[in-house]
Amino acid sequence: MTTALPRQTRPRPGLPTAADDAPRVDSLTGMRFLAALAVFVHHFTGLSAHGGVAHAPLLFPYSTLGANGVGFFFVLSGFLLTWGHRPGTLARLFYWRRAGRILPAHLVATIPVIWVFYVWGGVPTDDFSFVASLFLVQTWFPGVVPTLPGNGVAWTLSVEAFFYLLFPFAIRGALRLRTRTLGLLAGGGLIAMWLVKWWTVVHLSPFASEWVMRNPVSRLPEFGVGMACALALRRGHRFRLNPPVLLACLAGYAVVYCHRATWFGPDLAGHLAWTLRPFAAVFSVLFVVACVQRELAGHRGWLCSRPMVLFGLWSYAFYLLHQTVNRLILDTWGRPQPDNSAIFTLLGVALTVVALSWAMFTYIEEPARKWCARRTPPRWRHCVGTPEK
């Protein structure tokens with residue numbers, strides 16, 4: 001990624017190279033919770049004063065950018081899988097571990113969804129759509145009912161499942177390429193992502209455009225840029241990046257983006273909308289790289305604190321459960337008038353989901369992962385050491 005990132009510096013002592021085992025990076029775990037929380041805030045406040053659970057004018061419209069937390073997850077997934085990869089890992093061992101990591105919590109989180117959305121909530125669906133969501137293939141079919149069937153947020157797991165399917169083959173090819181080539185491919189993928197979004201908006205209906213942009217193939221550039229940057233760091237490339245500066249740039253971009261319709265003409269405003277996902281991917285990977293470099297150089301910050309690491313461990317369950325809780329609250333008490341007091345409701349609901357996420361992680365997610373680890377066929381273990389993160 002040397003063509004897309006700021007000026008290189010020399011490798012610093014203590015940071016791993018391609019020949020080393022990559023250490024655990026706690027700040028990346030903390031980031032996972034922030035991304036899940038951003039998605040939660042977006043869903044809670046909605047897309048307008050008449051959407052979501054409760055509309056808080058103080059947060060809106062900036063809260064709508066929280067939807068890009070899923071793009072951050074895709075970037076982070078590519079980075080973490082590549083960061084923790086050990087050459088020689090069997091594909092079937094990788095698949096077994098990934099299945100043990102994501103499927104049990106996904107299936108358990110779907111149980112309350114059946115009641116909250118489809119029995120009590122009366123959301124229309126059909127057998128094919130629901131079964132497709134259980135097997136995480138729903139994003140491949142444009143005609144599923146509803147648009148996001150089953151546990152609606154699980155559409156991102158469908159995208160991730162495709163990434164997992166490709167990863168054992170993609171990493172072998174990536175390891176053979178020069179870092180500069182990987183950077184060019186990653187940058188080209190993000191440009192292609194922008195062009196696809198532009199083409200779909202111009203030539204397809206809004207429904208078809210959104211389906212294309214949720215399709216796993218369309219999200220591959222986000223995963224790829226994470227892979228490329230992880231390999232760059234493992235090979236000794238270092239970049240002058242400062243997390244606070246990146247956050248300040250993001251805040252400035254958020255202000256411009258959210259006011260694009262009033263500050264700019266329709267053409268420029270449209271292009272800003274079409275480039276949002278590629279821009280979010282670039283910011284995400286720069287922030288990930290900056291935090292990894294700082295932590296491995298010995299500068300541990302609040303993202304590495306024990307509470308943030310714990311929240312990060314629970315973030316997968318938080319993501320799976322949050323929209324079900326939101327819908328339950330909305331159907332029980334209705335949507336209040338837009339008011340900033342909704343922020344206190346938001347905080348209370350978030351704490352409730354955190355508690356449920358702790359229970360899911362403690363009694364479902366971790367026991368299932370350990371069960372799968374204990375039942376890994378011994379012949380699969382001989383080629384590898386540490387598992388992918």
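On a 1 Å grid over the protein atoms alone, a cavity is a set of points where a 1.4 Å probe fits but cannot get out, and the residues that line a cavity have an atom within 4 Å of a point. Grid points are joined across faces, edges and corners, and a volume is the space filled by probe spheres set on the points. A search of the whole structure on these terms finds two cavities of 30 Å³ or more.

The structure is a predicted model, in which local features need pLDDT of at least 70 and side-chain atom pairs count only at pLDDT 80 or more, while totals for chains, interfaces and linings use all residues. Residues are numbered from 1 along each chain as its sequence is written, and side-chain values use heavy atoms, with hydrogens and water left out.

The chain holds 14 helices and two strands. Its radius of gyration is 21 Å, close to the 21 Å that the globule rule gives for 389 residues, so the chain is as compact as a globular protein of that length. The radius is taken over C-alpha atoms, and the rule is 2.2 Å times the number of residues to the power 0.38. Helices (H or I, at least four residues) and strands (E, at least two) are DSSP runs, numbered from the N terminus. The C-alpha trace spans about 55 × 55 × 40 Å along its principal axes.

Of the 389 residues, 50% are buried; buried means under 20% relative accessible area, exposed over 50%, and partly exposed in between, with a 1.4 Å probe and protein chains only. The accessible surface of the chain comes to about 18100 Å², and 68% of this surface belongs to carbon and sulfur atoms. Accessible areas come from the Shrake-Rupley method with a 1.4 Å probe, and for residues only the protein chains shown count as cover. Among contacts (heavy atoms within 4.5 Å) between residues at least 6 apart in sequence, 81% join residues at least 24 apart.

The largest cavity contains about 70 Å³ of space. Its lining includes Gln138, Thr139, Phe141, Pro142, Val144, Thr147, Leu148 and Pro149. Trp155, Phe207, Trp211 and Arg214 also line this cavity. Helix H7 (residues 206-214) gives the largest share of the lining, three residues. By class, eight lining residues are nonpolar, three polar and one charged. Here Ala, Val, Leu, Ile, Met, Phe, Trp, Tyr, Cys and Pro count as nonpolar, Asp, Glu, Lys and Arg as charged, and the others, Gly among them, as polar.

The loop between helix H4 (127-134) and helix H5 (155-175) holds Pro146. A cis peptide bond joins Val145 and Pro146, with omega about -10°. Leu136 is also found in the loop between H4 and H5. Its phi is near 60°, a positive value in a residue other than glycine, and at 4% relative accessibility Leu136 counts as buried. Another cis peptide bond joins Phe60 and Pro61, where omega is about 10°; Pro61 is in the loop between helix H1 (26-45) and helix H2 (69-83).

Leaving out residues up to four places away in sequence, Ile102 touches Leu136, Tyr164 and Tyr316. Ile102 is buried, with a relative accessible area of 9%.

Helix H14 (residues 342-374) contains Ile364. Ile364 is partly exposed, with a relative accessible area of 26%. Apart from neighbours within four places in sequence, Ile364 is in contact with Pro104, Ala105, Val108 and Ala359. Ile364 and Trp380 are 16 residues apart along the chain, and their C-alpha atoms are separated by 25 Å.

Which residues of helix H11 (residues 266-274) are buried? They are Ala269, Gly270, Leu272 and Trp274. Their cover includes helix H6 (179-203), helix H9 (243-258), helix H10 (260-263) and helix H12 (276-296). Within H6 is Gly187, which counts as partly exposed at 22% relative accessibility. Gly187 and Ala161 are 26 residues apart in sequence and 23 Å apart in space, C-alpha to C-alpha.

Key
On a 1 Å grid over the protein atoms alone, a cavity is a set of points where a 1.4 Å probe fits but cannot get out, and a pocket is an open set with protein on both sides within 12 Å along at least five of seven lines; lining residues have an atom within 4 Å of a point.
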